[in-house]
Amino acid sequence: DAKTTQPTSMDCAEGRAANLPCNHSTISGNEYVYWYRQIHSQGPQYIIHGLKNNETNEMASLIITEDRKSSTLILPHATLRDTAVYYCIVRGYNAGNMLTFGGGTRLMVKP
Amino acid sequence: NAGVMQNPRHLVRRRGQEARLRCSPMKGHSHVYWYRQLPEEGLKFMVYLQKENIIDESGMPKERFSAEFPKEGPSILRIQQVVRGDSAAYFCASSPGNAEKLFFGSGTQLSVL
């Protein structure tokens, strides 16, 4: 699976949009971009995933660049409960089904 | 539909004892994954199982660790003769099939005294 690069940490003001970037320049055509988050001491929580089109659900939006070499996770109105480590993961659609977690971005939402 | 259930939530063992961690996947899920998270570190893949089969154990330590997912009952991660370095949070995840998204449990925090 392709590697990803994320900033180590970010701050966001409560109520504002949080934009979390991810670089995945070696992504291949059949690899999806997944986002998970881990709130302190809890198990990782699925947020969203996409292949090449932008995606939106009740939690977030995922914007993938046309060349697919980078993406941005958008939390439209961050709350204090969104403080967590956010992981961007590239995962192939094949029998190697596990997720490989990197260091992620530690998002701190401040009042 | 209950989520992925792990028990116990906390487990304390003395050095040399055995630790058994249980994971019941979500209903209808036949794929189970175990991950370990050492203090202040990221999640590391350990093993991937389908019913009665180990598919990928590339992340499992070669000694003392084993995993199973029997036809009936939960998946078990077993650590024999635990050492202090085994202290970590162990997370289980399940999915309904190949290449589907993973759902994680709340984890078991293992402390070795």
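**Figure 1. An open sheet of 4 strands in chain A of this predicted model.** The strand order is S2-S7-S6-S5. Pairing is antiparallel. Strand S2 (18–23) and strand S5 (55–56) of chain A form the edges. Each of these two pairs on one side only. Strands of a sheet pair through backbone hydrogen bonds, either parallel or antiparallel.

**Figure 2. Strands S2 and S7 of chain A, side by side.** S7 covers residues 70–75. The two strands run antiparallel and are joined over 6 bridges. Which residue of S7(A) is the bridge partner of Pro21(A)? Thr72(A) takes that place.

Figure 3. How many helices and strands does the secondary structure of chain A hold? There are 0 helices and 9 strands. Read along the sequence, the pattern is β-β-β-β-β-β-β-β-β. The radius of gyration of chain A is 13 Å, close to the 13 Å that the globule rule gives for 111 residues, so chain A is as compact as a globular protein of that length. Along the principal axes, the C-alpha atoms of chain A fill a box of roughly 40 × 30 × 25 Å.

**Figure 4. Where chain A meets chain B.** On the chain A side, 17 residues are in contact with 20 residues of chain B. The size of an interface is often given as the accessible area lost when the parts come together. Here the two chains bury about 1,500 Å² between them. Carbon and sulfur atoms account for 56% of that area. Between chain A and chain B there are 0 salt bridges. The count of residue pairs in polar contact, both at pLDDT 80 or more, is 3.

**Figure 5. The side of chain A that touches chain B.** Two elements of chain A give two or more residues to this side: strand S3 (31–38) and strand S8 (84–92). S3(A) gives the most, with 3 residues. By class, this side of chain A has 10 nonpolar, 6 polar and 1 charged residues.

**Figure 6. A salt bridge between Arg37(A) and Asp82(A).** Side chains of opposite charge can pair when their charged atoms come close. In this pair, the closest N and O atoms are 2.8 Å apart. What parts of chain A does the pair tie together? Arg37(A) lies in strand S3, and Asp82(A) in the loop between S7 and S8, so the pair links parts that are 45 residues apart in sequence. Over all chains, the whole structure has 4 salt bridges.

Notes: Residues are numbered from 1 along each chain as its sequence is written. Chains are lettered from A and ligands numbered from 1 in the order in which they are written. This is a predicted model: local features need pLDDT of at least 70, side-chain atom pairs count only at pLDDT 80 or more; totals for chains, interfaces and linings use all residues. Side-chain values use heavy atoms; hydrogens and water are left out. Two strands pair if DSSP finds at least two bridges between them. Contact means heavy atoms within 4.5 Å. Buried area is the accessible area (1.4 Å probe) that two parts lose on being put together, summed over both. A salt bridge is a side-chain nitrogen of Lys or Arg within 4 Å of a carboxyl oxygen of Asp or Glu. A polar contact is a pair of N or O atoms within 3.5 Å; within protein, one must be able to donate a hydrogen and the other to accept it, and residues adjacent in sequence count only if both atoms are side-chain atoms. Ala, Val, Leu, Ile, Met, Phe, Trp, Tyr, Cys and Pro count as nonpolar, Asp, Glu, Lys and Arg as charged, and the others, Gly among them, as polar. The radius of gyration is taken over C-alpha atoms; the globule rule is 2.2 Å times the number of residues to the power 0.38.
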